[in-house]
Amino acid sequence: MSRFAIRLPYLIIVICLITCVVGVTCLVRMPVDLFPAIKIPVVVVATFFNGMPPEQIETDITGRFERFFTLAGGVDHIESRSLPGVSLIKIYFQPGFNPDSAVTSIANLAMADLRRLPPGTLPPVVLSFDASSLPVCLVTLKGDGLNEAKLRDLGQYDVRNQIANVPGASVPQPFGGRYRQIMVYVDPLKLEAHQLSVMDVVRSVNNANLILPAGDVKIGPFDYNLYANSQVNDLHDINRLPLKTVGNASVLVGDVGHAEDASQIQYNVVRVDGQPSVYLPIMKQGGDANTIAVVDGIKHAVGDLLDVPKQLVTRVVFDQSVFVRNAIDNLVHEGLIGLVLTGVMILIFLGSVRATVAVFLSIPLSALAAFIALAAGNNTVNAMILGGLALAFSRLIDNSVVVLENIFRHLEMGKPPEVAAELGGREVALPVLAATLTTAIVFFDAWYWRLAGRKTFSRRYQRREVDAGGRGKDRIAKSSADRRRRLPGAGRAGGREGNAGRFFPDAGRLRQRRGHRERGYAHLGRVKISSNKFKWSDQKSPRF
C-alpha cells in the first residue's frame with residue numbers, strides 16, 4: 001500500500017479531495033439522534049370500547065384477536081392486557097422479521113376480524129413498537145388569565161397546527177388542561193315526575209342538533225341546494241329543546257335540568273412553576289429525522305406563533321438535542337486535543353513540519369471516510385457512534401506516531417524519502433494491524449448482543465411502566481386481566497407486558513385509575529415542571 005501511494009501521488013490527492021467533499025456532504029445529511037435506530041419486530045394493537053369491564057374485554061375482544069393473530073407468519077409469542085374499556089395486545093415476531101411486513105399483516109388481520117367484535121367497538125389501532133420513539137422535547141403553554149380549558153383549546157387547535165409542519169416532527173394530543181364540552185345536568189326527581197329517562201334527554205338533544213340535506217329546488221335557471229340546519233347556536237337554546245308534549249304543553253330540557261359550558265372529568269394535571277398549564281410532546285418521525293433539526297424547527301415555530309393571545313407563554317423544555325450536542329462537542333473537543341498534542345509531539349521530537357501537517361490531515365480524512373461508510377449503511381450520528389469514533393481516534397493517533405517514527409528512523413540512516421516512506425510503512429504494517437485488532441477484538445462479542453439486548457431493554461423498560469401504572473401487583477390483578485401466550489415451537493420469550501400504554505393516552509389514564517378502583521377513588525397523575533425538570537406526584541380525588 002505504501003508503494004502504491006508513493007508511485008501514484010496525484011491519485012492519492014484526488015482520493016483525499018473526494019473523501020473530503022463526499023464525507024462532509026454525508027455528515028451534513030446524516031440524521032442526528034441520541035440513540036441508534038432500534039428496529040424491534042413488535043406490533044401493538046389497541047382496541048377501545050368505553051365502559052366495558054376488563055373481564056368482558058378479555059372474552060369478547062382480546063381473546064378473539066389473539067386467536068386470529070396466530071394466522072400471521074413469523075409470530076414468536078403474544079402478550080395481552082385487558083383493562084377497563086381497552087384491550088392492549090403485543091405481538092412479538094421472530095428476530096430479523098421485517099417490522100413493516102409485521103404491521104401490514106397484523107393490520108389486515110385486525111380489520112378482517114373487526115366484524116366479529118361486539119357492536120360499538122372502535123376500529124383497532126395498529127402501531128409498530130419503536131424503542132427509540134421518545135419525545136425529543138416538550139412545548140409547555142401557560143398564561144395569566146387563561147384557564148385550563150382555554151389552554152387546551154389553544155394547544156389543540158392553534159399551537160399544534162402551526163408546529164406540526166416542522167419536517168420530521170410528530171405532535172400528539174396535548175396533555176393537561178380540561179377538555180371543553182357542553183354538559184346537560186338533569187334532576188332524577190324531575191325526570192321521574194315527567195316519566196322520562198336520561199336516554200330520552202340524550203336522544204332529544206341529539207335529534208335536535210343536526211344538519212341534514214333537504215335536497216334542491218330549481219327556480220328559473222338556478223338550482224339551489226337546501227339544508228335543514230337545526231344546530232344549536234347558543235348554550236341557553238339547549239334548555240328550550242322539547243323532550244315530549246303532554247296535552248298542549250311541552251316538557252323542555254330546562255324543566256328537568258340545565259345545560260352548562262363545562263368539561264370532561266380531568267384525569268391529568270400539568271403545572272409549570274405552580275401555574276395551570278398544558279404541554280405538547282414532540283416526537284421524531286422515523287429514523288431519517290434529525291433530532292437537532294427537529295428541535296431547532298420547533299423552537300423557531302414556537303417563536304413565530306400567529307393568532308394566539310398575547311398573554312400565552314410558550315417554552316421548549318426537556319430538550320433531548322442537548323445530549324446530542326454535548327456528545328458532538330465532546331467528540332470534537334477530544335479529537336482536537338488529540339490532534340494538537342500529536343502534532344506538537346511530532347514537531348518537538350521529530351522536528352518535521354511536513355510530518356506534523358501529515359498528521360493534521362490524516363486524522364480528519366479518516367473520520368470523514370468513517371462517516372461515508374456509516375452513511376452507506378444507513379446509520380445515524382448518535383452517542384454510540386460518536387463514542388466509538390472517540391475511541392478510534394486514540395488508536396489512529398498511536399498508529400500515526402508509530403509509522404512516522406519508523407519512517408524518520410530510515411531517514412536518519414541516510415535513505416531517500418521515497419525508500420524511507422515505503423520501508424517504514426511496510427515494516428510496521430503488521431504490528432500496527434495487530435495492535436488495532438487487539439482493540440477491536442474486545443468489542444467483537446457485541447455482535448451477539450442482538451437478542452439478549454432486546455430482552456434486557458424490554459424487560460427493564462416495561463417493568464418500569466407496569467410499576468408506575470398501579471400501586472401493587474394485588475391491585476393490578478383485581479382490576480385487569482393480564483395474559484401472555486406462547487405459540488407452539490416458539491423461541492424463548494423476552495419482555496413484559498405494559499409497554500404499549502405509552503402510545504395511547506386513554507390507556508394510560510385507565511391504567512392510572514385501576515390502582516384505586518376498588519376503594520372508590522380515581523388516581524390522578526400530576527406533572528410539575530420547574531427549571532426543565534419533571535416530577536411526578538400522586539393525588540387522590542373522589543370519583544364522581
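So, what covers the buried residues of α10? The cover includes β5 (135–142), α5 (148–163), β6 (169–170), β14 (275–284), β15 (313–317) and α11 (321–349). Buried means under 20% relative accessible area, exposed means over 50%, and partly exposed is in between, with a 1.4 Å probe and protein chains only. Contact means heavy atoms within 4.5 Å. Helices (H or I, at least four residues) and strands (E, at least two) are DSSP runs, numbered from the N terminus.

Before going on, the caveats: this is a predicted model, where local features need pLDDT of at least 70 and side-chain atom pairs count only at pLDDT 80 or more, while totals for chains, interfaces and linings use all residues. Residues are numbered from 1 along each chain as its sequence is written, and side-chain values use heavy atoms, with hydrogens and water left out.

Back to α10. Which of its residues are buried? Those would be Thr-291, Ile-292, Val-294, Val-295, Ile-298, Ala-301 and Val-302. The helix runs over residues 291–303, so to speak 13 residues, and reaches 18 Å from its first C-alpha to its last, close to the 18 Å expected at 1.5 Å a residue. The expected span here is 1.5 Å times one less than the number of residues. As a reminder, an α-helix has 3.6 residues a turn, so residues three or four places apart point the same way.

Okay, zooming out for a second. The protein chain has 18 helices and 18 strands. Of its 544 residues, 39% count as buried. If you take the contacts with a separation of 6 or more, residues 24 or more positions apart account for 73% of them.

Now for helix pairs. Two packed helices are described by the angle between their axes and the distance between the axes. The axes are lines fitted to C-alpha atoms, for helices over the stretch in contact, and angles run from 0 to 180 degrees between N-to-C directions.

Take α13 (residues 383–412) and α14 (residues 417–427). Their axes come within 8 Å and cross at roughly 135 degrees. That makes α13 oblique to α14; under 35 degrees counts as roughly parallel, over 145 as roughly antiparallel, 65 to 115 as roughly perpendicular, and the rest as oblique. The crossing of this pair, α13 and α14, is right-handed. For handedness, left-handed is when the near helix is turned anticlockwise from the far one by less than a right angle, and right-handed is when it is clockwise.

Who meets whom there? On the α13 side we have Val-403, Asn-406, Ile-407, Arg-409, His-410 and Leu-411, and they meet Pro-417, Ala-420, Ala-421, Leu-423, Gly-424, Gly-425 and Glu-427 in α14. By class, the contact of α13 with α14 has seven nonpolar, four polar and two charged residues. Nonpolar covers Ala, Val, Leu, Ile, Met, Phe, Trp, Tyr, Cys and Pro; charged covers Asp, Glu, Lys and Arg; the others, Gly among them, are polar.

Stay on Arg-409 in α13 for a moment. Arg-409 is partly exposed, at a relative accessible area of 35%. As for α14, its buried residues are Ala-420, Glu-422, Leu-423, Gly-424 and Gly-425, and what covers them includes α1 (2–7), α13 and α15 (429–440).

Phe-65, Phe-68 and Phe-69 in α3 meet Ile-106, Leu-109, Ala-110 and Ala-112 in α4. Buried or exposed? Asn-239 counts as buried, at 18% relative accessibility. Leaving aside neighbours within four places in sequence, Asn-239 is in contact with Leu-252, Val-253, Gly-254, Gly-257, His-258 and Ala-259.

Last stop, two loop residues. Asp-273 lies in the loop between β13 (268–272) and β14, and its phi is near 55 degrees, a positive value in a residue other than glycine. Asn-378, in the loop between α12 (353–376) and α13, has a positive phi of about 60 degrees although it is not a glycine. Asp-273 counts as partly exposed at 46% relative accessibility, and Asn-378 as exposed at 71%.
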